[in-house]
Number of protein chains: 2
Amino acid sequence: MPQPPAAFTELKLRLEKIHDLDRVQAVLEWDQWVMMPAGGAAARVEQVASIERARHERLASPEIGDLLEQVRPYEDSLPPDADDASLIRVARQDYEKAIRVPAGLQGQITRASSLAEHTWETARRRSDFSLLLPRLQEVVELKRRYIECFDVAEPYDALLQDYEPGMTRAEMERPLEQLKQRLVPLAATIAERNHGVDDSCLRGRFSLESQRSLNHAILNTFPMDSSWWRLDSTAHPFATAFASTDIRITTRYSGSDISVGLFSTLHEIGHGLYENGVDHALERTPLARPASFGLHESQSRMWENMVGRSRPFWRHFFTPVRAAFPTQFVGIDPETFYRAVNKVQPSFIRTEADEVTYDLHVILRFELEQAIFSGDLELADLPGAWNERFKALFGLDVPDDARGVLQDVHWAEGSFGYFPTYSYGNLIAGQLWQAAREAIPALDPQLAQGNLTPLRAWLRENVHRHGRKLTASQVVERATGRPVEVKPYVDYLTAKFGDIYGLD
Amino acid sequence: MPQPPAAFTELKLRLEKIHDLDRVQAVLEWDQWVMMPAGGAAARVEQVASIERARHERLASPEIGDLLEQVRPYEDSLPPDADDASLIRVARQDYEKAIRVPAGLQGQITRASSLAEHTWETARRRSDFSLLLPRLQEVVELKRRYIECFDVAEPYDALLQDYEPGMTRAEMERPLEQLKQRLVPLAATIAERNHGVDDSCLRGRFSLESQRSLNHAILNTFPMDSSWWRLDSTAHPFATAFASTDIRITTRYSGSDISVGLFSTLHEIGHGLYENGVDHALERTPLARPASFGLHESQSRMWENMVGRSRPFWRHFFTPVRAAFPTQFVGIDPETFYRAVNKVQPSFIRTEADEVTYDLHVILRFELEQAIFSGDLELADLPGAWNERFKALFGLDVPDDARGVLQDVHWAEGSFGYFPTYSYGNLIAGQLWQAAREAIPALDPQLAQGNLTPLRAWLRENVHRHGRKLTASQVVERATGRPVEVKPYVDYLTAKFGDIYGLD
């Protein structure tokens, strides 16, 4: 291996400090959603903006540009997989992206989104899209100007690539269209035979204190050092990492439905295990983060669904659940609980959807986003378009905007291009799950003993450790031998729900 | 009023962003001590350092220097008390201080202190000062280099002025020496008559959950909007503010002594009320912070002691205490509780000291600090010097270093010049308390009804709202008509403990 030149050492040092600022922003955001008293809101907006500005200035600086030029010969002398070559490659992508967007525009987007997000809360509460419309128009207008900063084949590509680097709209559309074609009939067949799945055991009165202890107890059996994470509750659960050994997981408890907290926690610990699993040698470099939102989501969905909604998992973990709420689960066995947490039922709210209908919610949003940015759909017509397509996909009439177009904050906060990564994550999860099962023949009995270590080790080795050294599609190809496909995930769903619902 | 020039607007904008970084550092530190899992420690050191570096670069920049020159005519055209004139004056002080200390030296101090702080934990646990000695020598050596950056009459002045801007060692020594001359005989007289005060009701078994509810319930009756603060527990309690409406109070509960949590909370809410009371119009300017550590401490000590250890206060607040622990307080009345929380007893640990002996602990440290930096005391001789002076002041033999020279983290973390502000704060508290009592004749009956609003209003008007617009001594002079004196505080102590202990 050639010795790194001084310019590389200098570049790395600067990138470390930029990374620190990036993680500090994560601290501010976590505190904001999990800890901050309401009085802190106004100052926090400014604090986040000041850190963002400091970070952007340092990244989009002539010094970084010069250093990136100086290290080209060193980069070319290394194999592309080498840590240093990967660091330079990824830093160059970040730099080239940063210099394209004027700091002023980024600031305008942040402010407009923040305003729209606040308006969204009111609009959703009153179920009145017209309140949000002007704010949303402003956000979309700014996003169009954002798109113009990039040299992309289609406008939507620039949005998507904030979440799924390197991917195009067309590349995303193909698999999600296939997925839709498979899910619509599957959901319809299950709806016809919707009998035999009783989820009433999930409803009742569950004290928050006992739920908190239960969720902590479950996570404590997970293969992640207890000094590396904490679990808190918040209105809209998320996971974040201030370092690979400082993981913050959040969850949300419902006093009347035990599944809300359990599956929020299992989803977020999936994200947390990924963040924690990135090779610790990459710490404080641009490689220390996950490769894409889709790959990140594949990990949360795998732990939530493939693991967390599996029969073997509950064979083990139903014991602590029953111990926490003994009177609630009199006469309930693990199999009943397993079926209950897998009940399929078309519904209006994405975040409450079962595995079979979930992606239809996502695809609906993906289609509408594309129509907005291709110019085919006026924002004023968004609620009508939503309700029409919803009827076509689910066979249900949307009763009001709160249960329709206003249910998610994403668009108000300017996160266009984010939704499809949820379904893309499911596809990846299906494919990785298939590969993991082949690689670990004893996976089911292990899960049934509460032994999550072998699966975690496989994921760390094949997915987590790479950080941003590999792209999401490179990770999938290396781990499974094939590009991202639809079939493994559909096969997984068909087999699982075929069994539960007695389909042929 | 003249219109502010463009340079002032630009200066203010830059200072706002610097202020944001300063408060972000406070967020990182709060999280570190209150929330962070142990695994986050290494990354957090770097994150704090990167923010500190970004803040220092922005403050000690030629641009700020130029702008400060450009606004001189505007500053001179205003009365010194005007917000804008104060802002320029204080910003110039901050700037001139920042440019004197090379970023490299500041970084070395931060790292050496961080290392010494970790070593201190081990040294204290093993009660072995020799473990700490080399680290402490390094810190003191760097602090000597820090002192050399300043043009001061005596080396110690440069240290003291980090906490008490503008004050000299000589100005601090005079009142503290007087105070010592009064406290030593007072403590001795009380020790002779130490009978009749039984504090056994404070000891027992107090569930942390009930203490938490009790402390929250007490704070909820305080005159500060509940959306402006939160209370958490931590090993070494402190208060901080991320904005004047985002106050973080921390406390520490003992399962066997109810007074630990109660008085930590009352102390820290005193700090919090000050931070919250700064004129909100000063938000995000260099004026938005408290004037000095001494003035800050005067507020915490006033709420902890003058209010929180007063007879009228417990006439009201003993009710919720008894309600939280009904079996513990059978047959105990408010007067017994009042006397219990005021028991005077010489002891080894500063943070557990009563009001009469507390300042003797502080003065001991102040004297030793001065000897270290005047060159009269070698660090290797520090434990011996400590024990000798302790015997002279308290009449007790220090049994080991853990209960002697190793008990506080301050020196290890490089906080020389901090200790005397504790006693200076007590003096100010005594003087302000006297003035407040004169201004609010019904103060005692108000406290006895749990009505803290008039006192808070007086403090806000006379102390808090000024932020850094006035110095600590200006605040005291305006509020009380006199410079800081020793007599009011000694009079307060003599009257209070004379009554409790039946002295003449």
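**Exercise 1.** How many salt bridges does a search of the whole structure find over all chains?

*Solution.* The structure is a predicted model, in which local features need pLDDT of at least 70, side-chain atom pairs count only at pLDDT 80 or more, and totals for chains, interfaces and linings use all residues; side-chain values use heavy atoms, with hydrogens and water left out. Residues are numbered from 1 along each chain as its sequence is written, while chains are lettered from A and ligands numbered from 1 in the order in which they are written. The criterion comes next: a salt bridge is a side-chain nitrogen of Lys or Arg within 4 Å of a carboxyl oxygen of Asp or Glu. Under this criterion, the search of the whole structure gives 83 salt bridges over all chains.

**Exercise 2.** Characterise the salt bridge between Arg72(A) and Glu69(A).

*Solution.* Step one is the distance: the two side chains meet at 3.1 Å, N to O. Step two is accessibility, where buried means under 20% relative accessible area, exposed over 50%, and partly exposed in between (1.4 Å probe, protein chains only). Arg72(A) has 33% relative accessibility and is therefore partly exposed. Glu69(A), with a relative accessible area of 45%, is likewise partly exposed.

**Exercise 3.** Locate the salt bridge between Arg311(B) and Glu335(B).

*Solution.* The N to O distance for this pair is 2.7 Å. Arg311(B) belongs to helix H13 (residues 311-324) of chain B and Glu335(B) to helix H14 (residues 334-340) of chain B, so that the pair links distant parts of the chain, 24 residues apart. Arg311(B) is partly exposed at 26% relative accessibility, and Glu335(B) is partly exposed with a relative accessible area of 29%.

**Exercise 4.** Which residues join Glu46(B) in one network of salt bridges?

*Solution.* Through salt bridges that share partners, Glu16(A), Asp20(A) and Arg284(A) are joined with Glu46(B) into one network.

Key
Helices (H or I, at least four residues) and strands (E, at least two) are DSSP runs, numbered from the N terminus.
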